Amino acid sequence: MIETFLLNSLLLLSQRPTPERQFLDLKNQLERFGFQVVIELPPKRGAYGLLEVANKKIWINPVVFELHIGTQTLVHEAVHAAQVCAGKGKIKTLGLEVQPINYARPFFMRYTNIHRQDLEREAYAVQTQRNSFELAISLLQQHCK
Ligand SMILES: [Zn+2]
């Protein structure tokens, strides 16, 4: 009886999604550039990730690990972080050439503010690239020195 219980909880433990290597590498990189990354519910309801420009604080909703979009979510916020670095405390577009794939369009088109839409377009563009992790790292290194 006890053994069965133990086995079950071990199984449960091994199945629980954990942050991946890339997630942790990107988190370290962000922290090196003065961003704080917390894995907590963001103050904005329903958001997977959120960056507070004034405090350089990034929230990552723990649910993203269950959905297996942890790295993708952090890549998105890392682009916003690079935008903050580029704007020297404010937030500014990076002037990226990459375009988001079509399925991502509704996600940033829902922002009615044009400036916001451009910021989101860049974040979704990077997030949906095959090499999104490497891109995010290089944008941070390029803009946050
Ligand atoms: Zn965004």
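## Contacts, core and helix packing

Of the contacts in the chain between residues at least 6 apart in sequence, 58% join residues at least 24 apart; two residues are in contact if their C-beta atoms, placed from the backbone, lie within 7 Å. This is a predicted model, in which local features need pLDDT of at least 70 and side-chain atom pairs count only at pLDDT 80 or more, while totals for chains, interfaces and linings use all residues. Residues are numbered from 1 along each chain as its sequence is written.

The chain comprises seven helices and three strands, taken as DSSP runs (helices H or I, at least four residues; strands E, at least two) numbered from the N terminus. Buried residues, those with 20 or more other C-beta atoms within 10 Å of their own, make up 30% of the 145 residues.

The largest nonpolar core has 29 residues, and A78, A81 and A136 have the most contacts inside it. Such a core is a set of buried Ala, Val, Leu, Ile, Met, Phe, Trp, Tyr and Cys residues joined through C-beta atoms within 7 Å.

Leaving aside residues up to four places away in sequence, A136 touches L26, V75, A78, V79 and V126.

The axes of α4 and α7, lines fitted to C-alpha atoms over the stretch in contact, come within 9 Å and cross at roughly 20°. The two helices α4 and α7 are therefore roughly parallel to each other, a term for angles under 35 degrees.

Key: A residue is buried if 20 or more other C-beta atoms lie within 10 Å of its own, exposed if 12 or fewer, and partly exposed in between; C-beta atoms are placed from the backbone. Axes are lines fitted to C-alpha atoms, for helices over the stretch in contact, and angles run from 0 to 180 degrees between N-to-C directions. Angles under 35 degrees count as roughly parallel, over 145 as roughly antiparallel, 65 to 115 as roughly perpendicular and the rest as oblique.
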